[in-house]
Amino acid sequence: YLENGIQMSSGFNVIIKKSAGWQISPINFAHKVVQGGKQIGFINISDSTDTVPIGLLSFVGSSNGYKRLEFSVDENQTASFSFKTGVRKFYNVLALHYNFTRKQEIFGLGYGIGRAFEVGNSWMLNTDLTANVLVEYDDLSPNVATMWKLDICFEKQIARNVAVTFGPSIKYLNVNEYNSSSWTAKPFSKIPTYKTISSTVNSTFWIGFQMGLRIRSRRN
């Protein structure tokens with residue numbers, strides 16, 4: 001039991017029972033983090049927490065943890081698989097993207113953070129900010145871009161552990177210039193297919209949308 005103070009290490013911090021102090025290390029574990037306690041690290045694990053863990057990945061048990069496994073599509077017909085883990089006030093997002101409908105396929109990886117708000121009976125609102133690396137395969141060499149994405153999505157529960165989600169996305173795509181000499185056409189052309197807010201040779205800014213299906217954690 002860590003009543004107060006700070007537990008620090010360069011490897012693992014482990015509290016078998018309750019923690020009311022701060023755990024700071026690459027990997028933190030506590031059975032229960034109570035008020036006054038905090039986990040800060042690359043990976044945080046707890047059965048339950050009364051505070052918000054801060055890290056690259058945080059896993060909290062079913063008592064008040066937030067977990068979502070999601071499949072969605074967007075305005076560019078890009079399919080995305082994402083996993084969200086943490087607590088409602090702050091969770092981490094891991095994402096995979098794939099678009100096979102285009103002549104030049106696109107693959108992507110993403111990471112971000114988000115927050116969930118309860119807005120009514122069986123309804124929630126998510127705000128997710130993610131950074132995504134996209135790779136487009138052209139005839140000569142891969143084109144690489146970074147896409148920043150802010151998703152504002154509603155979640156409607158339709159079954160005990162299942163929900164649908166939909167909402168707008170604000171997106172900014174920036175194409176790396178290192179391989180510009182090999183471009184046979186404008187990279188990531190026709191993304192999106194409609195008029196954008198702003199567009200240059202190397203960047204595009206627009207508002208899109210996404211809709212999908214989520215598998216929810218049992219209680220949250």
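How many aromatic pairs does the structure hold? The count comes to 8 aromatic pairs, where rings of Phe, Tyr and Trp (its six-membered ring) pair if their centres lie within 6.5 Å, and planes under 30 degrees apart count as stacked, over 60 as edge-to-face and the rest as tilted. One of them joins tyrosine 98 and phenylalanine 100, a tilted pair with 5.7 Å from centre to centre and 35° between the planes. The model is predicted, so local features need pLDDT of at least 70 and side-chain atom pairs count only at pLDDT 80 or more, while totals for chains, interfaces and linings use all residues. Residues are numbered from 1 along each chain as its sequence is written, and side-chain values use heavy atoms, with hydrogens and water left out.

Tyrosine 98 is partly exposed at a relative accessible area of 28%, whereas phenylalanine 100 is exposed at 53%; buried means under 20% relative accessible area, exposed over 50%, and partly exposed in between (1.4 Å probe, protein chains only).

Another pair is formed by tryptophan 123 and phenylalanine 166, which is edge-to-face because the planes stand at 90°, with the ring centres 6.2 Å apart. Tryptophan 123 lies in strand S11 (residues 123-137) and phenylalanine 166 in strand S13 (residues 162-175), 43 residues apart, and the pair links these distant parts of the chain. Helices (H or I, at least four residues) and strands (E, at least two) are DSSP runs, numbered from the N terminus. Tryptophan 123 is partly exposed at 31%, and phenylalanine 166 is partly exposed at 37%.

Trp123 and Phe166 are also among the residues of a nonpolar surface patch of about 1,100 Å². Patches are made of residues with over 30% relative accessible area and no salt bridge, like charges being joined within 9 Å and nonpolar side chains (Val, Leu, Ile, Met, Phe, Trp, Tyr) within 5 Å; accessible areas come from the Shrake-Rupley method with a 1.4 Å probe, and for residues only the protein chains shown count as cover. The largest share of the patch, 3 residues, comes from S10.

Isoleucine 191 lies in the loop between S13 and strand S14 (198-199) and counts as buried at 11% relative accessibility. Among the residues isoleucine 191 touches are Asn76, Arg102 and Trp206, contact meaning heavy atoms within 4.5 Å.

The structure also holds 12 salt bridges, each a side-chain nitrogen of Lys or Arg within 4 Å of a carboxyl oxygen of Asp or Glu. In one of them, the side chains of arginine 214 and glutamate 70 meet at 2.5 Å, N to O. Arginine 214 lies in strand S15 and glutamate 70 in strand S7, so the pair ties together parts that are 144 residues apart in sequence. Arginine 214 is buried at 0%, and glutamate 70 is buried at 3%.

Lysine 171 forms a salt bridge with glutamate 75, the closest N and O atoms being 3.0 Å apart. Both lysine 171 and glutamate 75 are buried.

Conventions
Lists of a residue's contacts leave out its neighbours within four places in sequence.
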